[in-house]
Amino acid sequence: NNNNNSNYYINPPFGSSTICLNLVGENNQQLIDCITLTRVAPPHYAEITSPSNNSNHIGNYLILEFEVSNSSNYYFTVDGNQSYYSQGNNNSNSSEYTMVIPFGEHIICLNSMDYANQSYSDCITVIMLDPNVDSDNDGLPDHSDQCPNTNQNTSIDVAGCAQHQLD
């Protein structure tokens with residue numbers, strides 16, 4: 001009695017695969033046995049959780065909070081240009097990333113790929129405000145100015161409003 005037991009382990013990709021066992025007997029007779037299986041990728045998720053879409057931020061630093069689940073890799077883009085990349089097993093992760101972004105309006109995207117090579121993106125628009133801009137030259141920066149059209153050299157209150165704008 002010749003007992004030749006062998007164990008082989010394989011890790012088929014996600015999707016449909018055909019796996020065949022090719023046996024050769026002592027008299028060189030072959031036996032081929034195949035099975036087809038479908039391996040389903042785990043649910044994939046990628047989301048920017050903060051800041052909210054269409055939000056204003058003073059300065060150049062933006063702290064992004066995000067969640068990714070079952071992602072083989074992910075990266076951020078600013079106006080279509082790649083900014084940050086992470087690769088590796090990411091079963092579930094909630095994280096934070098700080099970006100330096102120029103002043104103005106920008107589209108920030110979190111792009112993620114799952115284990116079956118399906119992509120997913122979540123994008124937000126942010127407006128980065130220059131903390132020193134004073135468009136009406138009233139002495140109060142725009143981000144704090146509640147009356148943005150005050151005449152130059154006019155006395156203003158703490159909200160940036162002249163008396164005639166309050167009446």
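These legends go with a handful of close-up views of a predicted model. Local features are kept at pLDDT of at least 70 and side-chain atom pairs at pLDDT 80 or more, while totals for chains, interfaces and linings use all residues. Residues are numbered from 1 along each chain as its sequence is written, and side-chain values use heavy atoms, with hydrogens and water left out.

View 1. Strands β1 (residues 15-24) and β2 pair in the antiparallel sense over 10 bridges; strands are DSSP runs of E with at least two residues, numbered from the N terminus, and two of them pair if DSSP finds at least two bridges between them. Look for Thr18, whose bridge partner in β2 is Thr36. The hairpin has 5 residues between its strands, and Asn28 in the turn has a positive phi of about 60 degrees.

**View 2. Arg39 and Phe14.** Here Arg39 lies over the face of Phe14, 4.2 Å from the ring centre. To count, NZ of Lys or CZ of Arg must be within 6 Å of the ring centre and within 35 degrees of the ring normal.

**View 3. A loop with a cis bond.** The peptide bond from Ser50 to Pro51 is cis, with omega near 5 degrees. Pro51 sits in the loop between β3 (45-50) and β4 (55-58), and Asn54 is in the loop between β3 and β4 too. Phi of Asn54 is positive, near 60 degrees. Most residues other than glycine have a negative phi, and most peptide bonds are trans. Asn54 is also exposed, at 56% relative accessibility (exposed is over 50% relative accessible area, buried under 20%, partly exposed in between, with a 1.4 Å probe and protein chains only).

**View 4. Asn70 in β5.** Asn70, in strand β5 (residues 61-78), has a positive phi as well, near 55 degrees. This one is buried, with a relative accessible area of 12%.

**View 5. The aromatic cluster.** Ring pairs tie Phe66, Tyr74, Phe76 and Tyr97 into a cluster. Rings of Phe, Tyr and Trp (its six-membered ring) pair if their centres lie within 6.5 Å; planes under 30 degrees apart are stacked, over 60 edge-to-face, and the rest tilted. The whole structure has 4 aromatic pairs. One of them, Phe66 with Phe76, is edge-to-face, at 5.0 Å centre to centre and 80 degrees between the planes. Phe76 is buried, at 0% relative accessible area. Phe76 and Tyr97 have ring centres 5.3 Å apart and planes at 15 degrees, so they are stacked. That pair links distant parts of the chain, with Phe76 in β5 and Tyr97 in β6 (residues 81-100), 21 residues apart.

Technical notes
Helix = DSSP H or I, 4+ residues; strand = E, 2+ residues; numbered from the N terminus.
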